[in-house]
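The following exercises concern the model displayed below. Each task is followed by a worked solution.

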Amino acid sequence: MGEPAIKLGTKRSSTFIDKVKDLLPEGGNLDLCLTCGACSSGCPATGIGGMDARKFLRMAALGMDEEIQQSPWVWHCTMCQRCIYVCPMQINIPQLVFYARQSWPRDQRPKGILGSCDMALRNDTCSAMGATEEDFEFVVEDVLEEYREAQPEFKDMEAPVNKQGAYYFLNQNSREPVTEPDEMVPLWKILHLVGADWTYGTKGWAAENYCMFMADDEAWKHIVEVKAKAVEDLGCKVWLNTE
Amino acid sequence: MTPDWNKDLKVKFTVQDPCQLVRKSFGDPVAEDLRYVVKNVVGEENFIDMSPNRSNNYCCGGGGGFLQSGYPEERRQYGEAKANQILATGADYCITPCHNCHAQVHDLSEIREHPWQTVHLWTLICLSLGVLGENEREYLGEDLKNVAMYGA
Ligand code: SF4
Ligand code: SF4
């Protein structure tokens with residue numbers, strides 16, 4: 001047997017979807033759905049908790065604000081944009097999901113994401129794991145020293161920190177310096193062998209930005225600004241973020 | 001870089017196109033660059049693409065904060081599409097050129113008792129250059145733990 005039919009109320013004048021439409025270029029095309037199902041048929045989140053992309057959009061269009069804003073599915077859609085890519089009308093479902101995330105009271109958003117975002121806001125490294133400027137510099141120098149000694153071909157290898165005017169500013173996910181520092185080395189080796197002019201920065205080195213996943217606009221903007229400033233202060237030309 | 005180390009071993013590789021890098025940023029051209037590098041590292045005959053791929057690839061389920069959001073069951077349910085794609089290639093290794101992808105694809109393999117290994121691209125580039133040392137092989141399987149060892 002199918003699911004029970006959804007009961008429809010009269011559509012209210014200002015709904016969640018209208019607010020999102022006002023925020024997006026072309027209103028995110030949110031009114032143009034043909035209900036073809038291309039989005040949900042190619043979405044790995046389809047069916048999790050009985051929700052899918054097309055259903056989510058239809059419910060929004062019908063003004064079922066409470067249901068969609070409370071649905072934990074907004075944390076199961078990864079905002080990967082495959083649905084827009086295949087949608088004949090380029091409907092921006094992931095942005096709808098983003099703003100639905102934003103409508104959750106901040107302290108009720110998933111603890112892991114919240115904790116990682118708040119941690120990153122705590123100091124200028126932007127590390128979601130709380131690694132400080134000193135921690136990072138110490139680990140990089142320590143690991144570099146060890147490899148220079150143990151591997152003769154790399155005795156001149158560098159892993160510069162705060163090198164003024166380097167061409168590339170390289171970000172690093174916190175996981176390596178904090179939990180598996182040896183994993184930084186292959187990348188250093190490649191950069192060394194191709195003769196790249198690069199640097200890390202003690203400020204803004206962490207690649208991750210959980211505040212964006214949290215849909216906390218103020219916070220993720222702050223994180224991006226701290227990192228961009230770090231790149232500019234060192235006068236680097238290219239900012240490489242491997243996330 | 002040379003794929004010579006894999007000429008006789010014939011270890012098979014597939015690659016995960018990260019949504020962030022490919023679909024959401026640079027599109028199919030960067031997916032081609034990625035394949036160019038991968039084929040030169042592992043040998044063209046040892047590369048098997050998953051389907052769908054490039055800009056049309058499925059997200060692995062590690063993105064959007066899913067890894068940290070405290071919904072492991074739902075995350076693994078999401079990842080089933082990815083696991084099936086990888087299994088269908090029959091590859092021994094899935095190369096993941098993104099952090100989130102690495103963590104998620106590794107977890108998807110772990111809960112299935114490792115039908116494939118999950119490896120960073122930088123590891124394989126160094127392997128093919130002959131400069132990958134002993135302590136940089138965390139994510140290589142037993143089959144490659146000693147292959148083309150630096151300094152040996
Ligand atoms: S692919 Fe686009 S048009 Fe088709 S159902 Fe999904 S949102 Fe609607
Ligand atoms: S953005 Fe969300 S809804 Fe769209 S395909 Fe990806 S997971 Fe599915």
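**Exercise 1.** How many Å separate the centres of domain 1 of chain A and domain 2 of chain A, taken over C-alpha atoms?

*Solution.* The conventions come before the steps. This is a predicted model, in which local features need pLDDT of at least 70 and side-chain atom pairs count only at pLDDT 80 or more, while totals for chains, interfaces and linings use all residues. Residues are numbered from 1 along each chain as its sequence is written, chains are lettered from A and ligands numbered from 1 in the order in which they are written, and side-chain values use heavy atoms, with hydrogens and water left out.

Step 1: the domain assignment of chain A, automatic or taken from a database, gives domain 1 (16-104) and domain 2 (111-240).
Step 2: the centres of domain 1 of chain A and domain 2 of chain A, taken over C-alpha atoms, are separated by 34 Å.
Step 3: four residues from domain 1 of chain A and seven residues from domain 2 of chain A take part in the contact (heavy atoms within 4.5 Å).

**Exercise 2.** Which residues are closest to ligand 1, and which chains surround ligand 2?

*Solution.* Step 1: ligand 1 is surrounded by 13 residues, the closest being Cys33(A), Cys36(A), Gly37(A), Cys39(A) and Cys87(A); a residue counts if one of its heavy atoms lies within 4 Å.
Step 1: α2 (38-41) and α3 (53-61) of chain A each give two or more residues to this shell.
Step 2: the shell around ligand 1 divides into 10 nonpolar, two polar and one charged. Here Ala, Val, Leu, Ile, Met, Phe, Trp, Tyr, Cys and Pro count as nonpolar, Asp, Glu, Lys and Arg as charged, and the others, Gly among them, as polar.
Step 3: the residues around ligand 2 include Cys43(A), Cys77(A), Cys80(A), Cys83(A) and Tyr78(B). Because residues from chains A and B surround ligand 2, the site is shared between chains.

Key. Helix = DSSP H or I, 4+ residues; strand = E, 2+ residues; numbered from the N terminus.
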